[in-house]
Amino acid sequence: MAKHVGVKLPDDLIKVLKQGQTVAVLATFSEKGLPHTTPIQWVYPKGLESLLISIHKDHIGYHNMVWQKKVMLCFLDEGNVAYSVLGRAGVVRAPSSVHPLMNVVRIDIIDIKSDRSILTKVDAGVRWSYASAEAEELCNNLLSELKELSQAL
């Protein structure tokens with residue numbers, strides 16, 4: 001059962017986002033109206049009413065986001081974190097200072113709903129690991145960039 005939360009990020013969602021291990025599912029629509037979903041590993045809260053994400057500049061989700069602006073992010077994680085965040089996207093850094101193929105996007109929150117069920121609870125979200133030491137270094141640097149920008153913007 002969905003429940004309206006408002007426009008401010010709930011404390012339990014902020015906590016898992018700051019840990020840097022949560023995967024969000026980004027939902028966008030193409031100019032032809034076709035739906036598209038994208039897993040996003042680099043998400044960081046910017047205050048209580050915005051999120052920063054890092055995404056590849058050639059990804060279809062990025063192009064849809066730039067064209068349409070409205071996006072939805074779904075979060076599922078341990079501690080029964082189950083939220084859908086509707087937001088408006090805008091590019092804040094292109095390219096990323098970390099990697100020339102990555103761009104940073106700010107998503108200003110329009111609405112948040114809780115997707116917790118009365119019958120079940122989320123025990124764990126999507127878990128992932130690094131493909132290599134180089135990938136770990138890049139990912140850590142991308143997340144550090146988002147943390148720095150969350151303070152600077």
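Modeller: Two residues are in contact when they have heavy atoms within 4.5 Å of each other. Please keep in mind as we talk that this is a predicted model.

Biologist: Happy to! Which residues does Leu-73 touch, not counting residues up to four places away in sequence?

Modeller: Leu-73 is found in strand S6. Its relative accessible area is 0%, and buried means under 20%, so Leu-73 is buried. Not counting residues up to four places away in sequence, Leu-73 touches Ala-24, Val-25, Leu-26, Leu-51, Tyr-83, Ser-84, Val-85 and Ile-107.

Biologist: What is the separation of the C-alpha atoms of Leu-73 and Ala-24?

Modeller: Ala-24 is one of the residues that Leu-73 touches. Along the chain they are 49 residues apart, yet the separation of their C-alpha atoms is 6.0 Å.

Biologist: With which side chain does the side chain of Asp-77 make a polar contact?

Modeller: Leaving aside neighbours within four places in sequence, Asp-77 is in contact with Val-16, Thr-22, Val-122, Ala-124, Gly-125 and Arg-127. One side chain makes a polar contact with that of Asp-77, at 2.6 Å, and it belongs to Thr-22.

Biologist: Now to helix H2. Within what arc do its buried residues fall, seen down the axis?

Modeller: Helix H2 spans residues 60–68, and Gly-61, Tyr-62, Asn-64 and Met-65 are buried there. These buried residues line one face of the helix, because seen down the axis of H2 they fall within an arc of 165°.

Biologist: Which strands do the buried residues of H2 pack against?

Modeller: At the end of the helix, H2 is followed by Lys-69, with a positive phi near 80°. As for the packing, the partners of the buried residues of H2 are S2 (24–29), S3 (35–40), S5 (50–56), S6, S7 (81–93) and S8 (102–114).

Biologist: What kind of pair do the rings of Trp-128 and Tyr-130 form?

Modeller: The count of aromatic pairs comes to one. The ring centres of Trp-128 and Tyr-130 are 5.2 Å apart and the planes stand at 90°; over 60 degrees is the condition that applies, so the pair is edge-to-face.

Biologist: And what is the relative accessible area of Tyr-130?

Modeller: Tyr-130 is partly exposed. That class lies between 20% and 50%, and the value for Tyr-130 is 27%.

Biologist: How far apart in space are Glu-31 and Leu-138, C-alpha to C-alpha?

Modeller: Glu-31 is found in the loop between S2 and S3. Its relative accessible area is 61%, and exposed means over 50%, so Glu-31 is exposed. Glu-31 and Leu-138 are 107 residues apart in sequence, and their distance in space, C-alpha to C-alpha, is 32 Å.

Biologist: Stepping back, what order do the elements of the protein chain run in from the N terminus on?

Modeller: The protein chain has three helices and eight strands. Read from the N terminus on, their order is β-α-β-β-β-β-α-β-β-β-α.

Biologist: Last one: what is the radius of gyration of the protein chain?

Modeller: The C-alpha trace spans about 45 × 40 × 30 Å along its principal axes, and 40% of the 153 residues count as buried. Among contacts with a separation of 6 or more, 68% come from residues 24 or more positions apart. A compact globule with 153 residues would have a radius of gyration near 15 Å, and the protein chain agrees with this, at 15 Å.

Technical notes:
Residues are numbered from 1 along each chain as its sequence is written. This is a predicted model: local features need pLDDT of at least 70, side-chain atom pairs count only at pLDDT 80 or more; totals for chains, interfaces and linings use all residues. Side-chain values use heavy atoms; hydrogens and water are left out. A polar contact is a pair of N or O atoms within 3.5 Å; within protein, one must be able to donate a hydrogen and the other to accept it, and residues adjacent in sequence count only if both atoms are side-chain atoms. Buried means under 20% relative accessible area, exposed over 50%, partly exposed in between (1.4 Å probe, protein chains only). Helices (H or I, at least four residues) and strands (E, at least two) are DSSP runs, numbered from the N terminus. The arc is that of the directions from the helix axis to the C-beta atoms. The radius of gyration is taken over C-alpha atoms; the globule rule is 2.2 Å times the number of residues to the power 0.38. Rings of Phe, Tyr and Trp (its six-membered ring) pair if their centres lie within 6.5 Å; planes under 30 degrees apart count as stacked, over 60 as edge-to-face and the rest as tilted.
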